[in-house]
Amino acid sequence: MNTQEQVNKFSKLLRMQVIEFLVKEDVFKYRGERLNDADLAMTVMFIDKIPCCTRKLRSLFADAHQYHEDIGMMPHAATIADLEFCMKQRYIGFQCEQRIAHSWLPFKEDEDLRRLPAFKQLAQIYAPLIQAGKKILPPVDRKAVVSEAQAIINQVSNAITA
């Protein structure tokens with residue numbers, strides 16, 4: 001497996017581990033309980049589909065709690081609907097649309113997220129690159145690249161035939 005494939009694999013794994021960590025933390029804090037494995041897996045899967053970069057996920061949860069407070073709700077664990085609403089209607093969504101350096105990695109201040117196994121794996125992959133004075137590789141979503149290329153090809157072909 002080449003370096004790019006490793007980065008892609010561990011970046012995705014890190015995102016899933018970050019989401020799982022934040023969901024567990026949120027549910028335990030507000031409900032004092034733990035989710036069963038099936039509910040946790042389903043919740044992580046749905047949150048992964050929200051277009052929020054890994055770096056801003058903790059802020060997304062915090063914004064959902066601020067939203068609860070803003071509308072006068074009692075504090076409770078963030079739901080998937082709350083997170084989606086915040087991404088679409090609140091400032092956190094605007095922040096996530098901006099270009100964020102190393103958006104697939106947690107902030108340095110998020111030490112608990114930087115202790116996750118996938119982050120340690122990425123650090124091992126990046127160590128030789130950093131020592132050699134090279135930039136770290138971002139993950140590449142091949143499906144997104146192909147679909148964007150197809151959209152450009154379609155636009156060009158439509159412009160030519162029009």
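Asp 110 and Arg 58 form a salt bridge, their closest N and O atoms lying 3.1 Å apart; the term denotes a side-chain nitrogen of Lys or Arg within 4 Å of a carboxyl oxygen of Asp or Glu. Asp 110 belongs to the loop between helix 5 and helix 6 and Arg 58 to helix 3 (residues 57-70), so the pair ties together parts that are 52 residues apart in sequence. Helices are DSSP runs (H or I) of at least four residues, numbered from the N terminus. The model is predicted: local features need pLDDT of at least 70 and side-chain atom pairs pLDDT 80 or more, whereas totals for chains, interfaces and linings use all residues. Residues are numbered from 1 along each chain as its sequence is written, and side-chain values use heavy atoms, with hydrogens and water left out.

Asp 110 is buried, at 10% relative accessibility, while Arg 58 is partly exposed at 22%; buried means under 20% relative accessible area, exposed over 50%, and partly exposed in between (1.4 Å probe, protein chains only).

Arg 58 also meets Asp 112 in a salt bridge (3.1 Å, N to O). Asp 112 lies in the loop between helix 5 and helix 6, so its pairing with Arg 58 in helix 3 ties together parts 54 residues apart in sequence. Asp 112 is partly exposed, at 23%. A network of salt bridges links Glu 25, Arg 58, Asp 110 and Asp 112.

Glu 111 forms a salt bridge with Arg 115, the closest N and O atoms being 3.9 Å apart. Glu 111 is exposed at 53%, and Arg 115 is exposed at 54%. The count of salt bridges comes to 10.

Methods
Helices (H or I, at least four residues) and strands (E, at least two) are DSSP runs, numbered from the N terminus.
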